[in-house]
Amino acid sequence: MSLHAQMTQEAQAALAAQKRNSTVSSLIIAILSLFLIGLILFIVALTVEVKNPPEIISYSAGVEDTEEIEKPEMSSEVERKPSSPSSSMAKVIAANTASPTAVPVPDIEVTEPSLDFGNGDDFGDGWGDGDGWGGGGGGGGGASFFKQKVKAERIAFVIDYSMSMSGKRISLLKKELARSVGALPETMEYQLIFFAGPAWVAGSEVKMAQNRRSAVVSHNGRDYKWEGKGANNWETKGSKLRSPAWMKATKENLDASLSAIQSTALVYGTAWEIPLEMALDMKPQPEVIFFMTDGVSGGESERIAKRVAQRAKRKDIKINAIAMMDPSARDAMGALAEITGGQFSMVNKSGKTQVLIKGKEEE
């Protein structure tokens, strides 16, 4: 038989109240504990952040002090070494001052370009028309041909179209002649005279006999007959050959000339004298004649050259001569240029040009 004690209602109420108080106290203690731990961790974190920056700053300060000590030493050494260059600069300034000893310096500089006058570049980028030679202002226009440049208002081109000009020679000639004629300014007057055995104005029709002893040149509705005794001895027969008329360098005329340069066929023979006389007889007379050939005009070449040159000199006409890949014409063509105050150039077998005699305008 067991005995059970019965609690009163007051005791049960007191016990329940005690349990509630214990639970609330436990919760409060737990919350306070968590807050305290968080506070401690926060303080520790602040302590770490505050301690680290001083270490970084103190290290940087040490590096800056070292750099400031080295800079003055380097600057002092650099400033003391330019003593030798300063003396060389003083020499340059002294050389530029006006004094008798400075006179030879320009003479040395002037001779260097003359050695490179025939720079050997292929045709097309020689004198061109972009360096003031196609301007037509002041003393008239200008032209260039096989590295020779001139200033003039009237220019005659006397060009070899003989059979020996075939292959590379005629290709080089047509390229350079077309470049030179195409660059003429409108203010200039010009004419193209082609020759082989007979001579004719560019654009004429030339019919050579099969036996190569005669030819007929048709120009402006008229026929001019020629007779030949070998390659170098040709003369007109019957109607007298008139001196060519000048042409203005208009687009229409230039186009016609460029077409004639390309389409004209090569003809038998090489006779200089009559085509050069045709140019000398033009009215008004030319100021400059560009004369190009690849060979001599027989055994009388030098005599013919000197006779023509003397007549040109009396008329004050310069003859600029160009020998195309044939050194045998050098003496005769050199005489043409030297006597008249013109220029003389040689075109070698590779197609490069060298000016051997400069004209008076170039001195």
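Analyst: Helix H4 (residues 168–182) and helix H5 (residues 251–263) cross at roughly 175°, and their axes come within 10 Å. The axes are lines fitted to C-alpha atoms, for helices over the stretch in contact, and the angles run from 0 to 180 degrees between N-to-C directions. H4 is therefore roughly antiparallel to H5. Angles over 145 degrees count as roughly antiparallel, under 35 as roughly parallel, 65 to 115 as roughly perpendicular, and the rest as oblique.

This is a predicted model, in which local features need pLDDT of at least 70 and side-chain atom pairs count only at pLDDT 80 or more, while totals for chains, interfaces and linings use all residues. Residues are numbered from 1 along each chain as its sequence is written, and side-chain values use heavy atoms, with hydrogens and water left out.

H4 supplies Lys 174, Leu 177, Ala 178, Val 181 and Gly 182. H5 supplies Leu 254, Ser 257, Leu 258, Ile 261 and Gln 262. Contact here means heavy atoms within 4.5 Å. The residues of this contact divide into six nonpolar, three polar and one charged. Nonpolar covers Ala, Val, Leu, Ile, Met, Phe, Trp, Tyr, Cys and Pro; charged covers Asp, Glu, Lys and Arg; the others, Gly among them, are polar.

Leu 177 leads on to the core. The largest nonpolar core has 71 residues, and Phe 145, Phe 157, Leu 173 and Leu 177 touch the most other members. Such a core is a set of buried Ala, Val, Leu, Ile, Met, Phe, Trp, Tyr and Cys residues joined through side-chain atoms within 4.5 Å. Buried means under 20% relative accessible area, exposed over 50%, and partly exposed in between, with a 1.4 Å probe and protein chains only. In soluble globular proteins, nonpolar side chains tend to be buried together.

Take Phe 157. Leaving aside neighbours within four places in sequence, Phe 157 is in contact with Phe 145, Leu 177, Ser 180, Val 181, Leu 184, Gln 191, Leu 192, Ile 193 and Phe 290.

Helix H6 (residues 273–280) packs against helix H7 (residues 301–314) at about 5°, with axes 11 Å apart. So H6 is roughly parallel to H7. Glu 273, Leu 276, Glu 277 and Leu 280 of H6 meet Ile 304, Arg 307, Val 308, Arg 311 and Ala 312 of H7. This contact divides into five nonpolar, no polar and four charged residues.

H6 is mostly covered, with six of its eight residues buried. They are Pro 275, Leu 276, Glu 277, Met 278, Ala 279 and Leu 280. Their cover includes strand E3 (154–160), strand E4 (189–195), strand E5 (199–201), E11, H7 and H8. The peptide bond from Lys 283 to Pro 284 is cis, with omega near -10°.

Last, the whole chain. The protein chain has eight helices and 14 strands. Helices (H or I, at least four residues) and strands (E, at least two) are DSSP runs, numbered from the N terminus. Buried residues make up 34% of its 363 residues.
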